[in-house]
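Dear colleague,

I am passing on to you the structure that we talked about, and below it you will find notes on a few places in it. Please read them with the model open beside you.

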There are 2 protein chains.
Amino acid sequence: MEKILLGHGSGGRLMHQLITEHIAPSFGMDSLADAAVLDAPDVPGARIAFTTDSYVVSPLFFPGGDIGDLAVNGTVNDLAMVGAVPLWLSTGFVIEEGFAVESLRRILVSMASAARNAGVRIVAGDTKVVDKGKGDGIFINTAGIGMVRPGISLGAGMIRPGDRIIISGAIGNHGVAVMSERNGISFDPPVLSDTAPLAGLVAAMLAFEKNIRIMRDPTRGGVATTLKEIASDSGLTMVLDEERLPVPGGVRGACDLLGLDPLYIANEGILLAVVPPETAEGLVRVMQGHEQGVCAVEIGEIRAAERGRKGMVLLKTAVGGSRIIDMLAGEQLPRIC
Amino acid sequence: MEKILLGHGSGGRLMHQLITEHIAPSFGMDSLADAAVLDAPDVPGARIAFTTDSYVVSPLFFPGGDIGDLAVNGTVNDLAMVGAVPLWLSTGFVIEEGFAVESLRRILVSMASAARNAGVRIVAGDTKVVDKGKGDGIFINTAGIGMVRPGISLGAGMIRPGDRIIISGAIGNHGVAVMSERNGISFDPPVLSDTAPLAGLVAAMLAFEKNIRIMRDPTRGGVATTLKEIASDSGLTMVLDEERLPVPGGVRGACDLLGLDPLYIANEGILLAVVPPETAEGLVRVMQGHEQGVCAVEIGEIRAAERGRKGMVLLKTAVGGSRIIDMLAGEQLPRIC
């Protein structure tokens, strides 16, 4: 009988299969969005963004963050990515019997601080406890509501050849921070998770250019999987310039050591955006002026698809060749968020 | 060091302590509501209801339902209880590695059917997988959004002496159904979970009487805990008539066998309402005309508090005495929802 594998939760191809073959069709959809944009009935023009994420990261505490701020920032970011102003979060705890109340307190403090920092309120909650050995410390679900800014229209369908691809910061920090803690490895200087709220950065970006085509935060599956999804949805080709990809030395070293590819590593505080060519340069400067976008950089552009090769992502390598980028296959880093 | 106990998830006194001492204050609140009612910014008059619940019921399938319809109905009901029209649900799955895809499919079908039945759409989702031995089959979080009906104002503060207490149906079926499955006991006729959506019943009730004082679905902690919470919040006294409490024979028999009190057993398809005395009788008739309220009955009334005894619940017993009802203490039925 078919069984669920760890890879079904990885953010890669197996998960897409599970969602598109089983979960989404059950609910009458083609796919299940990170955040849904909904028209409020009887309230003309009001568009509500609604999202959910469960957090099962292991270990619960890691360099640069913990499951608490991760759970707040991740859901805030899903709302920000659809052009919404994040407003309210709910939180559902599934706690394993025997979990230390002191650890719960640390996590709550971290959630509260992250919520303050992101400008959202935690307004509803639920707590369940499962028997010892039937959970793993604590799992946290956060769902979030935001109001979508009027006049904003984001989506892969808006992308045109010539558009530029921008990334807001360095690649790979979150995944490497969690893996180093899990494996008892430490780096000098330490690699810290990038967990951070992106709503403020997005506000600045949309104030400067309301015709941004699409934004996505490359979490599970990493930059590669996220770009491949956008390319597939648009049917166009993405060409990335490897030399411009901001992979910090610490991440590169850790990836060499652990046999990982930085492009497939989860990030929790950066975004990818496809933007009109005319304003790309200005937008990068705007982003660089924001705390979460100091290292923003243009990393590639959109081209018309070659005949029969729709939705391709090409990486132009430093040595002059090019490599086709696909979604994460199987499981690289389980329980990274 | 202080540890989390199973009782912290029971819906009773320990859970209240955890929430009021640790969780709610962390988020700047006195308590954490089942469903929050929120004013939408820039949309005058629009009140959004927002709720979340995680479901960890064991076993996953039980007489009359499964974790799937429970997860949909439970969240729909939390929205209905604050006077909202439930609209959208999100769903977050935490699946244990090795879980049968066939069981997942059964649960998805059940969720979809429950959503159709309740008139809500599942619009956003998330799937995580944890290693074998770090979960228990599947946990499901559902968060929900509804729009609160205009002109409705519910809350313990609206309750007045003389108000009547109504229950919409029989007590104890869900808890007994789950316990019987868990312990391999069967009853003839079988006791089935009452899991059902209450939004339609609530719509009919509010159409007849918009001055209903408060509604609550007595889930974890049962009818006793829910009434005690309402009484405490109102500061008034509740007097219940034991002879009127609708406890079915099957539930009574099972409770005798298992040493349980029906008043503390979880229900998933009934509601308690405190209503104005003038319309109580009419309201009961309206409820009886609805599929989920066929067995609706008045079970007691509100009285002014005696000096120094605020928020008391008194059960007038069949033999003429009276018993003080308190919240569930400790854990009666772990993982009942």
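In chain A, Val239 stands opposite A:Glu301 in β12(A), where two strands pair if DSSP finds at least two bridges between them. The two strands involved, β10 (residues 237-241) and β12 (residues 297-303) of chain A, pair in the antiparallel sense over four bridges; strands (E, at least two residues) and helices (H or I, at least four) are DSSP runs, numbered from the N terminus.

This is a predicted model, in which local features need pLDDT of at least 70 and side-chain atom pairs count only at pLDDT 80 or more, while totals for chains, interfaces and linings use all residues. Residues are numbered from 1 along each chain as its sequence is written, chains are lettered from A and ligands numbered from 1 in the order in which they are written, and side-chain values use heavy atoms, with hydrogens and water left out.

β10(A) also runs parallel to strand β13 (residues 313-316) of chain A, to which four bridges join it, and there A:Asp241 stands opposite A:Lys316. Of the five residues of β10(A), four are buried, that is, under 20% relative accessible area with a 1.4 Å probe, protein chains only.

In chain B, the axes of helices α2 (residues 67-81) and α3 (residues 101-118) come within 7 Å and cross at roughly 30 degrees, the axes being lines fitted to C-alpha atoms over the stretch in contact and the angles running from 0 to 180 degrees between N-to-C directions. The crossing therefore makes α2(B) roughly parallel to α3(B), a term for angles under 35 degrees.

Best wishes

Terms used
Buried means under 20% relative accessible area, exposed over 50%, partly exposed in between (1.4 Å probe, protein chains only). Angles under 35 degrees count as roughly parallel, over 145 as roughly antiparallel, 65 to 115 as roughly perpendicular and the rest as oblique.
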